[in-house]
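Subject: Two-chain model for you to look at

Hello,

I am passing on the structure we talked about. Please open it alongside these notes.

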Amino acid sequence: MGILEIKDLHVSVTDDETQHAKEILKGVNLTIKTGEIHAIMGPNGTGKSTLSETIMGAAAYQVTQGDILLNGESIVNMPVDERARKGLFLGMQYPAEIQGVTNAEFLRAAMNARRLEDDQISVMNFLKELDKNLDLLDMSEEMTERYLNEGFSGGEKKRNEILQLMMIKPSFALLDEIDSGLDIDALKVVSKGVNAMRGDNFGSLIITHYQRLLNYIVPDVVHIMMDGKIVKTGNAELAKTLEVEGYAGLRDDLDLDVALVDEN
Amino acid sequence: MKTVEQMISADELSEFARQNMEPDWLIEKRLLACEQMKTLNFPNVLRFNYRNWQMTSDLLAWIKSDKNLLNCDLNNNSLVQFGQTTLSVNLATELKQQGVILTDLFTAARDYPELVHDNFMTKAIQTDDNFLASYHAACLTSGIFLYVPDNVEFKEPIELNLIQDSTQVSPLVSHTLIVAGANTKFSVIQQIHTKGSQANLANAFVEVIAQENSHVNMSSLDELGENTLAYLQRRAAVGRNAHVNWAIGMMNDGDTVGNFALELNGDGAQAKAKVVAITKHRQRVGINTGIKNVGKHTVGDILQRGVILDDSQLVFNGIGDIVHGASGSESEQENRILMMSNNAYGNANPILLIDENDVLAGHAASVGQVDQSQLYYLMSRGLSRVLAERLVIRGFLGAVLTAIPLKTVQQKLIKIIERKLADGHESD
């Protein structure tokens, strides 16, 4: 069983121009075990993406306090690729486009990156796995011969993130707004992919604005984040309450002194 | 010290040509070119100084190259030349029946004198184009002639393989002449590499005469050795409504000047020039890639991408030249260089020479480092930084890779690129 622990995490981002460091995460505590799906909801500008990017190791985010432990081992000083090989995966909101590298070739490289030199995946096994997952995600084979994300529509990119997830099989997947820009059919397909991953060896942290996604991927735990902190944790019902009350209502219930970005 | 044109006498030169049983007109052309050398200059490559390079040799000799020194299988090629020696010519019977000619240039000059006389250094590159062109014409020692008669189309590319013989002292002065008749459609892939490590110069030209409504796809894969000092000049004369696409993988290991140009002479002519280059160690490479719009409604597109490693230098000049009268024409260009080392020097210069009002012209140029967001994305999937960088670079160069019609040659270029990158990284 795997465990991902976020302990009193404080994260700052430095503005390139002013060199002024701004604290985004102000003491996040969170524990996810494999076998569990957690959702983080929260208003815009509250630090949800910062949390996922910091766990993955994006260079722009500086951990100023606290720790991130994967199976008991601190990963805050590890480079991104090493974190990935230890079992982390970040499904990105805006995946990069890379010309000249086909999807299939990239997938194989990513799968082989976490295997030993003398245990690289055979072409046969790779294609078998690929076909199975393409089928499940309702993707055409042609997608795998296209260049990585190049010219993909928003929906195709998201599907492609899930395809990678299913091929790479990480122990923990951070999914950052995988529902944004998806129509209802695509949302169902993407959810189907994530649900297919559910099991004892897989845990996930799903970041979303909307409860809608959680109708399709029912979380075990829901966290509400505001102003760089988790302010409330509950079960799947919490997301539904939120849908009714809105973030402002919840804030007032909790008697928090937080300004919401999009509040009138 | 005497310069080469002073050292080669007219008598010596004509004797040399006679040994080769050349027709009189060709000998006269050599002698004229030798005279022209006295007043001409090196081609100008902006922001690239190579004045002190020894780009000519006074060694005039017919030299045999021993094919037993080559241990590679070249059977798949249409024509193989090792140094001055033509090893094999393989043209499909079907093409021969349609009148396609593929032979070494000197044989062609004897057997098809009119075709060669009319097209050799008359329509695309004149002997007085520059000093190195006149040297080329005077001291030519090998060549290839490909003629595709009007209305002939074929899919399978013609593969030309040139191997510089650097197992001995022997300058490579080689000319490939390609004449595409009206309404023809075909592809040519030319590969050039070096056998042996003797320091030699290479002066290799390609001329493409693309007649009305022809479609010619050219791919050039250069892989000359590190002890080869190279001057490569390639030019196409593109006729009315003809299309020429030229993809060049400049993968030489030695110092190189590239002088590439496509001239859109006929109305409605179109051309694309795509160049990739990788430089490493202390290598210096300067490349001019130009498209000249002469006819009306002509369209030119230049794309140059380079990766520079170690202490190397790479200059890309993109030259879009729209002459007066070429109304309704377009000239686009993009020149980009990726710096993989802080000690490398890159220069990407768009040069637009426009003497006509009714045109569209655009350019983009950059010299920069690897896109960090792309690296992050690949690394977030577990790929090491080195592998991620290689994939990003290959992607950066991808636009030219995809322009090569043969998968095997594409794969070969990818392999060369990866070898060069690995090699360059080690010496960081």
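One convention first: axes are lines fitted to C-alpha atoms, for helices over the stretch in contact, and angles run from 0 to 180 degrees between N-to-C directions. Please keep in mind that this is a predicted model.

**Helix pairs in chain B**

With that convention, take helix 8 (residues 372–379) and helix 9 (residues 385–401) of chain B. Their axes come within 9 Å and cross at roughly 125 degrees. Angles from 65 to 115 degrees count as roughly perpendicular and those over 145 as roughly antiparallel. Helix 8 of chain B and helix 9 of chain B are therefore oblique to each other. The crossing of helix 8 of chain B past helix 9 of chain B is right-handed. On the helix 8 side of chain B, the contact uses B:Gln374, B:Leu375, B:Leu378 and B:Met379. These meet B:Arg385, B:Ala388, B:Glu389, B:Leu391 and B:Val392 in helix 9 of chain B. By class, the residues of this contact are 6 nonpolar, 1 polar and 2 charged.

Helix 3 (residues 24–36) and helix 7 (residues 131–139) of chain B form another pair. They pack at an angle of about 150 degrees, and their axes are 7 Å apart. Here helix 3 of chain B passes helix 7 of chain B in a left-handed crossing. Helix 3 of chain B brings B:Lys29, B:Arg30, B:Ala33, B:Cys34 and B:Gln36, while helix 7 of chain B brings B:Ser134, B:Ala137 and B:Ala138. That contact has 4 nonpolar, 2 polar and 2 charged residues.

**The sheet in chain B**

Chain B has an open sheet of 10 strands, with mixed pairing and the order 2-1-5-7-9-11-13-15-17-19. Strand 2 (85–89) and strand 19 (359–368) of chain B are at the edges, each with a single partner strand, so one side of each has no neighbour in the sheet. On average, neighbouring strands of this sheet are turned by 10 degrees against each other, direction ignored. Helix 9 of chain B packs on the sheet. It touches strand 11 (243–250), strand 13 (270–279), strand 15 (299–308) and strand 17 (329–339) of chain B. The direction of helix 9 of chain B makes about 155 degrees with that of strand 15 of chain B.

Some of the pairings, strand by strand:

- Strand 5 (residues 158–165) and strand 7 (residues 185–195) of chain B run parallel, joined by 8 bridges. B:Asn161 stands opposite B:Gln191 in strand 7 of chain B.
- Strand 7 and strand 9 (residues 215–223) of chain B pair in the parallel sense over 9 bridges. B:Val188 stands opposite B:Met218 in strand 9 of chain B.
- Strand 9 and strand 11 of chain B run parallel, with 8 bridges. B:Val216 has B:Val244 in strand 11 of chain B as its bridge partner.

**Annotated spans**

For chain B, an unreviewed UniProt entry lists "domain: SUF system FeS cluster assembly SufBD core" at residues 170–396. This span is 9% helix and 61% strand, with its end C-alpha atoms 36 Å apart. For chain A, the UniProt annotation "domain: ABC transporter" (unreviewed entry) covers residues 4–252. That span is 38% helix and 27% strand, and its end C-alpha atoms lie 31 Å apart.

**Where the chains meet**

Which elements of chain A give two or more residues to the side that touches chain B? The contact takes 20 residues from chain A and 19 residues from chain B. On chain A, those elements are helix 2 (80–85), helix 3 (103–113) and helix 6 (154–168). Helix 2 of chain A gives the largest share, 4 residues. By class, the chain A side has 14 nonpolar, 3 polar and 3 charged residues.

Best wishes

Methods
Residues are numbered from 1 along each chain as its sequence is written. Chains are lettered from A and ligands numbered from 1 in the order in which they are written. This is a predicted model: local features need pLDDT of at least 70, side-chain atom pairs count only at pLDDT 80 or more; totals for chains, interfaces and linings use all residues. UniProt positions are given in the numbering used here, feature names are shortened, and annotations may be inferred rather than shown by experiment. Angles under 35 degrees count as roughly parallel, over 145 as roughly antiparallel, 65 to 115 as roughly perpendicular and the rest as oblique. A crossing is left-handed if the near helix is turned anticlockwise from the far one by less than a right angle, and right-handed if clockwise. Two residues are in contact if their C-beta atoms, placed from the backbone, lie within 7 Å. Ala, Val, Leu, Ile, Met, Phe, Trp, Tyr, Cys and Pro count as nonpolar, Asp, Glu, Lys and Arg as charged, and the others, Gly among them, as polar. Two strands pair if DSSP finds at least two bridges between them.
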